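Trainee: Could we go through this structure together, a bit at a time? I'd like to ask things as they come up.

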Amino acid sequence: MAKISPPNTKYDWYQTESHVVINILIKKVKPENARIDIEDSTKLSCIAKVADDTDFSFILNLAHEVEGNNIHWKILPSKIEIKLKKVEYMMWKQLEKVQSEIQPKTDEVIKTYPSSKTKKDWDQIVAEVEKEEDEKPEGEAALNQLFQKIYAEGSDETRKAMNKSFMESGGTVLSTNWNDIATKKVEVNPPEGMEYKKWD
């Protein structure tokens, strides 16, 4: 009987205005035994077998729609790299769909609040807040979150600058100064020690 891989698989992602690239951080995947599908335009499914015959399964509910028939992936020694084309060209605030609770209408809150007899466990609420603070993203995830916040809260010129610099530089430069890059092409500038390669 085949072994099952652990569920807490690590991954990271980045985006351009037209594409999303997801890196699933798993080693020694057999390319001939990997299958990647998109269901209902938003559900990413990756099933594979690792070198030691462990079965690997990864499912992600995407925040927005992608083209299910336009998937490209590469099996690398330390990861699976998946490139998806967005249905709507825009920058995403997050990769995954958030299952947010439906907020009650204002008049319903007013009606239910006085008669509410639910006792709040304030110790538990404090513990949950502290846990959320402890789980703040770090490193590349925090940087991604910062860029998304700048894009979401920035002016039209800031967003134009970010899109233009990111697209023209192949994702190696991100500028927020439209006046600085409006009239010139942004050159590719990979990090020191790295080499820029175009997709096939």
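Trainee: Is D37 buried, partly exposed or exposed?

Mentor: D37 counts as partly exposed, at 27% relative accessibility; buried means under 20% relative accessible area, exposed means over 50%, and partly exposed lies in between, using a 1.4 Å probe and protein chains only. Please keep in mind that this is a predicted model, in which local features need pLDDT of at least 70 and side-chain atom pairs count only at pLDDT 80 or more, while totals for chains, interfaces and linings use all residues. Residues are numbered from 1 along each chain as its sequence is written, and side-chain values use heavy atoms, with hydrogens and water left out.

Trainee: OK, and which residue forms a salt bridge with D37?

Mentor: That is R35, and the closest N and O atoms of the pair are 2.7 Å apart; a salt bridge here is a side-chain nitrogen of Lys or Arg within 4 Å of a carboxyl oxygen of Asp or Glu. R35 itself is exposed, with a relative accessible area of 55%.

Trainee: How many salt bridges are there in the whole structure?

Mentor: The search finds four. Among them is the one between K79 and E81, with the closest N and O atoms 3.6 Å apart, where E81 is buried at a relative accessible area of 11%. Another joins K184 to D180 at 3.9 Å between the closest N and O atoms; K184 is partly exposed at 45%, and D180 is partly exposed at 42%.

Trainee: Switching topic, what pattern does the chain follow along the sequence?

Mentor: Reading along the sequence gives β-β-β-β-β-β-β-α-α-α-α-α, and the chain has five helices and seven strands. These are DSSP runs numbered from the N terminus, with helices being H or I of at least four residues and strands being E of at least two.

Trainee: And which residues touch the most other members of the largest nonpolar core?

Mentor: They are I22, I24, F56, L62 and I80, out of 24 residues in that core. The strands that each supply at least two residues to this core include β2 (19-24), β5 (55-61) and β7 (79-86). A nonpolar core is a set of buried Ala, Val, Leu, Ile, Met, Phe, Trp, Tyr and Cys residues joined through side-chain atoms within 4.5 Å.

Trainee: Last one, where is F147 placed?

Mentor: F147 sits in helix α3, which covers residues 139-153, and F147 is partly exposed, with a relative accessible area of 31%.
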